[in-house]
Amino acid sequence: QVQLVESGGGLVQAGGSLRLSCVASGSIFSINRMGWYRQAPGKQRELVAAGTSGGTTNYAESVKGRFTISRDNAKNTVYLQMNSLNPEDTAVYYCNIAGFSSSGYREFWGQGAQVTVSS
């Protein structure tokens, strides 16, 4: 069983920064693909940032230059550094990991972390 636990969300003023963490625990042997999604009230879930084990990353246009996705393989942890936050970034953020586990190649989701940016 693999679990993803997110942390680091909260309330921040516009222009501030937050760093989200997503720790994968359980029988996961490798992380091949990672991503952060967000869902604002009344809107569809959207991809914010994604990365691969090969080092490729891509970002939504709205966060380019402000957000950075990274990982610590030794800790099975994925991060999302968010700088220059604005109220439009307010949403629940979800981490997503695809990799090999004791059940084969699977995709896993975190429980979500609320990020609120005040103006």
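**Fold and disulfide**

Reply: From the N terminus on, the elements of the protein run β-β-β-β-β-β-β-β-β-β-β. This is a predicted model, where local features need pLDDT of at least 70, side-chain atom pairs count only at pLDDT 80 or more, and totals for chains, interfaces and linings use all residues. Residues are numbered from 1 along each chain as its sequence is written, and side-chain values use heavy atoms, with hydrogens and water left out.

Me: How many helices and strands does the protein have?

Reply: Helices (H or I, at least four residues) and strands (E, at least two) are DSSP runs, numbered from the N terminus. The protein comes to zero helices and 11 strands.

Me: What percentage of the 119 residues is buried?

Reply: Buried means under 20% relative accessible area, exposed over 50%, partly exposed in between (1.4 Å probe, protein chains only). Of the 119 residues in the protein, the buried share is 41%.

Me: Which residues does the disulfide join?

Reply: A disulfide is a pair of cysteine sulfur atoms within 2.5 Å, and the count by this rule is one. At an S to S distance of 2.0 Å, the joined residues are Cys-22 and Cys-95.

Me: How many residues apart in sequence are the parts that Cys-22 and Cys-95 tie together?

Reply: Cys-22 and Cys-95 are both buried, and their link is right-handed, with 45 degrees about the S-S bond. Cys-22 lies in strand S3 (residues 18-26) and Cys-95 in strand S9 (residues 91-101), so the pair ties together parts whose separation in sequence is 73 residues.
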